[in-house]
Amino acid sequence: IYYLPKVSSGRFVGGLLNGWWVSSIVGWQTGYPYTPLLSLNRSESGVLSTNPDRPNIDPTRSISSIISGTSSGCGTGAAGTKVIAAGTPLGTPTLWFDPCAFSVQPAGFLGNSSRNFLRGPHISNTNFSVVKDTPLKFLGEAGRLQFRAEVFNLFNHANFALPNGTVFQGANITDGPLTNAGIITSTVTPPRNIQLALKLLF
């Protein structure tokens, strides 16, 4: 909270220029972790409801190459799957991570990708307020009228939710990526909102 300096002036000008203060809350956090998954129990472990199977990961791929840069390209375009062209940008809402870095493991085996080793989009938000306190002496020593202008998500920053982490159906070892693999379809914070208020204190 920062109180603007008072201005020594007449009653009218001083009433307009004095009593202003501003404040803000700035939040920034890294993205939440998530795990690439299969939609079927490929390992036949029978624990799909509590611990879904994870696919295999290409051992030549680093984490940074899976979530940034461009896709290596894959897919067959069969029913329910999509073809991802080589060079498709990563780290965007339309393809946050590269499904082509993964493959379906043989039936009866667990995939070798780690749990929660990828992270979703970071979250940043700035709230800002401008306040004017005008003394009202007829209400007593503490009497004043307070005007508030508050802006939530000042910069109108879009904070995206986690991408769809289900990469393959997992019925066949040759399955291509699902049509919605790696896609972000929602946000986790509202757009910019502005609210004005008057408060009487005494």
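Ser23 counts as buried in this predicted model, at 18% relative accessibility (buried means under 20% relative accessible area, exposed over 50%, and partly exposed in between, with a 1.4 Å probe and protein chains only). The model is predicted, so local features need pLDDT of at least 70 and side-chain atom pairs count only at pLDDT 80 or more, whereas totals for chains, interfaces and linings use all residues. Residues are numbered from 1 along each chain as its sequence is written, and side-chain values use heavy atoms, with hydrogens and water left out.

Ser23 is part of strand β2, residues 20-29 (strands are DSSP runs of E, at least two residues, and helices runs of H or I, at least four, numbered from the N terminus). Beyond its neighbours within four places in sequence, Ser23 is in contact (heavy atoms within 4.5 Å) with Ile1, Asn127, Phe128 and Ser129.

Three salt bridges are found in the whole structure, a salt bridge being a side-chain nitrogen of Lys or Arg within 4 Å of a carboxyl oxygen of Asp or Glu. One of them joins the side chains of Asp98 and Arg61 at 2.9 Å, N to O. Asp98 lies in the loop between α2 (63-67) and β6 (102-103) and Arg61 in the loop between β5 (56-57) and α2, so the pair ties together parts that are 37 residues apart in sequence. Asp98 and Arg61 are buried.

Arg144 and Asp133 form a salt bridge through their side chains at 3.7 Å, N to O. This pair links strand β9 (residues 144-152), which holds Arg144, to strand β8 (residues 123-135), which holds Asp133. Arg144 is partly exposed at 29% relative accessible area, while Asp133 is buried at 15%.
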